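The sequence and the structure come first.

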Amino acid sequence: MNLFHLRYFATLAKLQNYTHAAQQLHITQPSLSNAIHGLEAELGVTLFARQGRHMILTAAGREFNRTVSHTLATLDSGIERLQHQAHGQTVIKLAALRTLSTRWVPSMVRHFLETRSQDVRFEFTNENGLSPKIIQGLRAKKYDICFCSKVDEEEDIAYFPIASQALVVITPVNHPLAQRKQIELSETLPFDQITFSKKSGLAPIIRQLFAECGAQPHSVYSIEEDEAVAGLVANGFGIAVVPNMPLLQTLPLKVIPLSFPTWQRIFYMATLNDHYQAPAATDFIEFVHQHHANISL
């Protein structure tokens with residue numbers, strides 16, 4: 001059975017479209033179709049059924065997909081293991097949200113390195129600062145370990161909670177609400193607000209909290225990243241509901257605790273299941289498990 005054909009099958013099973021799968025695999029659509037038909041002939045079963053423009057796995061196809069996914073993951077992990085053994089220095093690739101990259105992640109890495117005598121080097125990235133993009137990179141095996149929000153419940157990712165942030169209201173220093181000691185979310189509705197765009201994982205959460213108040217705020221700007229939201233508030237463009245991140249203490253704005261409704265943003269360490277981790281990376285994961293509570297945001 002051709003290994004390339006197994007990868008072709010796995011890609012088509014994921015994308016459910018011959019054209020998209022062929023494009024991702026950089027082969028022609030007839031080549032992909034011939035490979036799938038060859039697999040079906042060899043196995044003596046039908047793996048896919050057409051449903052409109054989509055190719056849906058049959059019962060036999062779903063069973064075969066579980067086997068192929070496990071086999072390819074094992075093979076890829078073995079290849080990675082050999083590649084790591086061939087190099088003297090262990091490189092651990094990290095991706096993290098920017099709010100975790102200013103203090104939490106660097107502190108955790110520094111404490112870990114202080115316990116190590118082996119040659120370990122970390123590579124850091126923030127992608128575009130959004131959790132979905134970070135998790136996408138993890139699934140593509142661009143990173144070994146990620147620190148971000150949970151974006152789905154798929155079983156291929158292991159999430160471990162490491163820290164949390166409460167939501168607060170932030171206002172310019174001269175705003176009518178600036179002197180408040182605490183505030184209910186409904187009390188912010190009369191004022192222009194900087195909100196999170198749909199690409200942000202916080203957007204649906206905050207919309208739901210406002211829905212509990214019976215209305216949505218008037219949004220004057222919609223921004224992806226919480227740091228940018230805070231910057232606009234500090235310069236008088238409106239108020240906002242954001243996580244209580246360290247950056248807020250460095251900007252000319254007022255931070256007001258939210259008394260109702262309350263919600264906490266939870267951050268996670270994310271790792272890919274069935275993915276080979278070098279011994280040093282495994283040690284770092286265990287170090288985070290043991291010491292995550294010792295480092296504040």
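This is a predicted model: local features need pLDDT of at least 70, side-chain atom pairs count only at pLDDT 80 or more; totals for chains, interfaces and linings use all residues.

Residues are numbered from 1 along each chain as its sequence is written, and side-chain values use heavy atoms, with hydrogens and water left out.

**Aromatic pairs**

A search of the whole structure finds eleven aromatic pairs, where rings of Phe, Tyr and Trp (its six-membered ring) pair if their centres lie within 6.5 Å, and planes under 30 degrees apart count as stacked, over 60 as edge-to-face and the rest as tilted. One of these is the edge-to-face pair of Y159 and Y268, with 5.7 Å from centre to centre and 75° between the planes. The pair links distant parts of the chain, since Y159 belongs to strand β6 (residues 157-172) and Y268 to strand β12 (residues 264-272), 109 residues apart; strands (E, at least two residues) and helices (H or I, at least four) are DSSP runs numbered from the N terminus.

The rings of Y221 and F237 also form an edge-to-face pair, because their planes stand at 85° and their centres lie 5.6 Å apart. Here Y221 sits in strand β9 (residues 219-223) and F237 in the loop between α9 (226-234) and β10 (240-243), 16 residues apart.

| Residue | Relative accessible area | Class |
|---|---|---|
| Y159 | 17% | buried |
| Y268 | 14% | buried |
| Y221 | 38% | partly exposed |
| F237 | 39% | partly exposed |

Ring pairs also join W104, F112, F122, F124, F147, F284 and F287 into a cluster.

**Helix α9**

The buried residues of α9 are D226, V229, A230, L232, V233 and A234, and they pack against β6, β8 (193-196), β9, β10, β11 (253-260) and β12. Just after α9, G236 takes a positive phi of about 85°.

**Helices α1 and α3**

Helix α1 (residues 3-15) packs on helix α3 (residues 29-43) at an angle of about 105°, with their axes 9 Å apart. This makes α1 roughly perpendicular to α3, a class that covers 65 to 115 degrees, whereas angles under 35 count as roughly parallel, over 145 as roughly antiparallel and the rest as oblique. The axes are lines fitted to C-alpha atoms, for helices over the stretch in contact, and angles run from 0 to 180 degrees between N-to-C directions. In the contact (heavy atoms within 4.5 Å), H5, L6, Y8, F9 and L12 of α1 meet L32, A35, I36 and L39 of α3.

Notes:
Buried means under 20% relative accessible area, exposed over 50%, partly exposed in between (1.4 Å probe, protein chains only).
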